[in-house]
Amino acid sequence: MQQVEDSDILKKFEDEQTRSEAFSLLLKKYQQKVYWHIRRMVLNHDDADDLTQDVFIKVWRNLSSFRQDSQLYTWLYRIASNECITFLNKKKAKQQVSLDDLSEQLTSNLNEENYFSGDAIQKKLQQALLTLPEKQKLVFNMKYYDDMKFQEISDVLGTSVGALKASYHLAVKKIEQFLLSND
């Protein structure tokens with residue numbers, strides 16, 4: 001099956017008659033990518049599932065006002081990234097825990113999650129990622145897992161390419177240190 005173009009989705013979404021079809025096409029094209037982007041940030045399947053649903057509710061409500069001054073997936077990733085950061089900040093505040101305690105709790109979830117149980121290397125990488133500040137983790141995930149170019153990440157996060165490269169480099173160094181010290 002051939003992938004539908006974003007411009008076709010947006011055109012169909014403008015027409016009341018084809019709006020639902022357009023949204024279905026959008027879901028089919030991006031739902032899994034958005035889910036995994038979120039999942040790598042929050043680690044828990046149920047939380048990622050809920051956040052993915054929240055993202056697409058926002059997309060449904062706001063797609064008609066999408067100005068198309070960026071690519072559609074960039075806009076989706078920006079919404080998903082903001083939802084993740086908001087969720088993690090609320091979780092920290094609600095539980096009144098420090099970042100270290102939250103990382104410890106997420107590590108515990110990581111050990112219980114079925115998705116991560118089979119691959120020790122992947123689990124260790126996820127534990128290393130938990131030591132990173134949220135922005136560095138976002139940058140690393142988008143570059144490493146989603147294979148996005150720095151310019152694309154810049155469009156999503158609204159940060160200069162130079163700052164993103166520095167952030168990615170710092171993240172890689174911290175991950176290397178974690179992996180070497182927790183061998």
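**Close-up 1. Covering of the buried residues of helix α9 in the predicted model.** In this predicted model, the elements that cover the buried residues of α9 include α6 (120-129), α7 and α8. The residues concerned are Leu164, Ser167, Ala171, Ile175 and Phe178, each of which is buried in α9; because they cover an arc of only 70° around the axis, they are placed on the same side of α9.

**Close-up 2. Span and exposed face of helix α9.** Helix α9 comprises 21 residues, 161-181, and reaches 30 Å from its first C-alpha to its last, which is close to the 30 Å expected at 1.5 Å a residue. On the face turned away from the buried side of α9 are the exposed residues Gln177, Leu180 and Ser181.

**Close-up 3. Lys149 in the loop between α7 and α8.** Lys149 lies between α7 (134-145) and α8 (150-157), and because its relative accessibility is 57%, above the 50% cut-off, Lys149 counts as exposed. Between Lys149 and Val161 the C-alpha to C-alpha distance is 9.5 Å, with the two residues 12 apart in sequence.

**Close-up 4. The largest pocket and its lining.** The largest pocket holds about 220 Å³ of space, and its lining consists of Asp6, Lys29, Tyr30, Gln32, Lys33, Trp36, Arg40, Tyr73, Tyr77, Asp146 and Met148. At least two lining residues come from each of α2 (19-42) and α4 (72-95), with α2 providing the largest share, 6 residues. By residue class, the lining of the largest pocket divides into 5 nonpolar, 1 polar and 5 charged residues.

Methods: Residues are numbered from 1 along each chain as its sequence is written. This is a predicted model: local features need pLDDT of at least 70, side-chain atom pairs count only at pLDDT 80 or more; totals for chains, interfaces and linings use all residues. Side-chain values use heavy atoms; hydrogens and water are left out. Helices (H or I, at least four residues) and strands (E, at least two) are DSSP runs, numbered from the N terminus. Buried means under 20% relative accessible area, exposed over 50%, partly exposed in between (1.4 Å probe, protein chains only). The expected span of a helix is 1.5 Å times one less than its number of residues. The arc is that of the directions from the helix axis to the C-beta atoms. Contact means heavy atoms within 4.5 Å. On a 1 Å grid over the protein atoms alone, a cavity is a set of points where a 1.4 Å probe fits but cannot get out, and a pocket is an open set with protein on both sides within 12 Å along at least five of seven lines; lining residues have an atom within 4 Å of a point. Grid points are joined across faces, edges and corners, and a volume is the space filled by probe spheres set on the points. Ala, Val, Leu, Ile, Met, Phe, Trp, Tyr, Cys and Pro count as nonpolar, Asp, Glu, Lys and Arg as charged, and the others, Gly among them, as polar.
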